[in-house]
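Colleague: Please put the model up, and then I will ask about it piece by piece.

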Amino acid sequence: MMRIAILCSGGDAPGMNACLRAVVRTASTMGVEVVGVRHGYQGLLDGDFYESGDGTGVMSARSVSHIIQHGGTILRTGRCDEFRTASGVRKAADTLVANNIDGLVVIGGDGSLRGAIELGKVWSGRIVGCPGTIDNDLAGTDYTIGFLTAVATAVEAIDKLRDTAESHERLFLVEVMGRGSGYLALFTALASGAEFACIPETPTHSAQMVSDISVLKKRGKASIIVVVAEGDDDGGIEVLRGELEAEGCPYPLRSVKLGHVQRGGSPTPADRILASEAGDLAARALIDGKSGVMAGRLAGQMQLTPFAEAIAGTKTVPLEQIQLLKRMSV
Ligand SMILES: Nc1ncnc2c1ncn2[C@@H]1O[C@H](COP(=O)(O)OP(=O)(O)OP(=O)(O)O)[C@@H](O)[C@H]1O
Ligand SMILES: O=P(O)(O)OC[C@H]1O[C@](O)(CO)[C@@H](O)[C@@H]1O
């Protein structure tokens with residue numbers, strides 16, 4: 001009987017559970033045993049398996065009942081420094097061999113897929129990835145699992161901040177996550193009606209911003225929301241706040257970091273469906289003999305993309321949406 005393992009790695013993302021459920025159920029239906037690995041790659045180093053009750057670590061279709069709606073991951077996740085070393089990767093491979101594992105599904109972001117590439121160099125088993133990260137920084141999929149939920153969470157927070165901004169006639173700087181990508185900031189800004197998005201992909205000029213903000217003030221805008229990506233080139237939300245103040249920003253300023261709030265919570269239906277489709281495709285592909293590929297959805301079509309292409313950094317925020325935000329902020 002074929003045996004595959006599954007782990008979640010990197011930051012948790014809403015929909016990881018839905019993806020896990022899909023892998024377990026599709027594989028079980030195809031007569032393949034699924035062993036859950038806890039705490040990401042650290043679990044491979046430690047032989048830390050899902051607590052199945054019988055010591056096998058095997059996840060049945062019932063073990064993933066009613067998790068589709070929950071954020072986080074029942075397998076736990078993690079960032080593992082030892083796995084970044086050659087000896088760590090070797091140790092992980094040894095665990096897989098010792099447990100007769102034929103294939104591995106990795107749910108995680110670009111770092112997790114880099115790790116999968118390294119593992120594939122020393123382990124003869126097959127590896128398939130699913131894009132689980134709120135950053136949306138992987139090519140080979142329009143959206144990563146968790147991204148749209150994180151956008152929804154940030155938008156909900158900004159809707160509340162807008163009430164205060166409007167009542168006090170203030171400008172709020174709101175920092176969102178996204179690591180080196182501006183996707184989360186740009187989509188959050190578009191969906192919340194924010195006036196500006198400061199993202200790593202475009203230069204942030206505080207003097208120009210104050211000039212634009214002053215025009216909006218004259219046009220009668222009571223409040224301004226500026227969404228700032230954590231990876232913005234200007235140096236972060238507090239640096240930008242200081243610059244806007246120094247340049248004579250015509251509104252009183254407040255700054256809010258949304259932080260890890262964006263990572264948690266129940267996945268949206270769109271994320272649950274994407275996660276289910278990706279997990280199902282990953283399981284079928286692995287059982288079919290595929291390896292070194294990530295399951296994603298591009299323009300409505302589920303497809304497999306080689307790891308190297310998925311992490312190549314070729315995915316850029318849509319320029320037309322940057323322009324759309326400008327046209328909406330008048
Ligand atoms: N170059 C690499 N070689 C070996 N392992 C790696 C490499 N890069 C990352 N990893 C492993 O993958 C883990 C997860 O990577 P990382 O922390 O970058 O998160 P991620 O998968 O990009 O997810 P997220 O986008 O949510 O942060 C790392 O902690 C490490 O164990
Ligand atoms: O949870 P940690 O380890 O602090 O990592 C935070 C990072 O993880 C992410 O949430 C997901 O990659 C990034 O947006 C953020 O920069």
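This is a predicted model: local features need pLDDT of at least 70, side-chain atom pairs count only at pLDDT 80 or more; totals for chains, interfaces and linings use all residues.

Colleague: Which UniProt annotation covers residues 3–285?

Modeller: The entry is unreviewed. UniProt positions follow the numbering used here, feature names are shortened, and annotations may be inferred rather than shown by experiment. The record gives "domain: Phosphofructokinase".

Colleague: Which helix gives the most to the shell around ligand 1?

Modeller: 18 residues surround ligand 1 (C-beta atom, placed from the backbone, within 6 Å). The closest are G10, G11, G109, G111 and G115. By class the shell has 3 nonpolar, 9 polar and 6 charged residues; nonpolar means Ala, Val, Leu, Ile, Met, Phe, Trp, Tyr, Cys and Pro, charged means Asp, Glu, Lys and Arg, and the others, Gly among them, are polar. With 6 residues, the top contributor is helix α4 (110–122).

Colleague: Between which domains does ligand 2 lie?

Modeller: The residues around ligand 2 include R79, D135, R179, E230 and R263. Its shell has 2 nonpolar, 4 polar and 5 charged residues. Domain bounds come from an automatic or database domain assignment. Both domains give residues to the shell, so ligand 2 lies between domain 1 (3–146 + 267–310) and domain 2 (150–264).

Colleague: Which strands stand at the edges of the open sheet of 4 strands?

Modeller: The order is β6-β7-β5-β8, with parallel pairing (at least two DSSP bridges between two strands). Each edge strand has a single partner, so one side of each is left without a neighbour in the sheet. The edges are β6 (196–198) and β8 (253–257).

Colleague: Which residue in β7 stands opposite C198?

Modeller: β6 and β7 (224–229) run parallel. 3 bridges join them. Opposite C198 stands V228.

Colleague: Which residue in the turn between β9 and β10 has a positive phi?

Modeller: β9 (293–298) and β10 (301–306) run antiparallel, joined by 6 bridges. One bridge pairs A295 with L304. The two strands form a hairpin with 2 residues between them, and at about 45 degrees the positive phi belongs to A299.

Colleague: Is H66 buried or exposed?

Modeller: Most residues other than glycine have a negative phi. H66 has a positive phi of about 55 degrees and is found in the loop between α2 and α3. The classes go by other C-beta atoms within 10 Å, placed from the backbone: buried at 20 or more, exposed at 12 or fewer, partly exposed in between. With 9 such neighbours, H66 is exposed.

Colleague: And N136, buried or exposed?

Modeller: N136 has a positive phi near 55 degrees. The residue sits in the loop between β4 (126–131) and α5 (147–168). With 26 other C-beta atoms within 10 Å, N136 is buried.

Colleague: What separates the C-alpha atoms of S63 and V24?

Modeller: S63 lies in the loop between α2 (41–46) and α3 (86–98). S63 is partly exposed, with 19 other C-beta atoms within 10 Å. S63 and V24 are 39 residues apart along the chain, and their C-alpha atoms are separated by 8.8 Å.

Conventions:
Residues are numbered from 1 along each chain as its sequence is written. Chains are lettered from A and ligands numbered from 1 in the order in which they are written.
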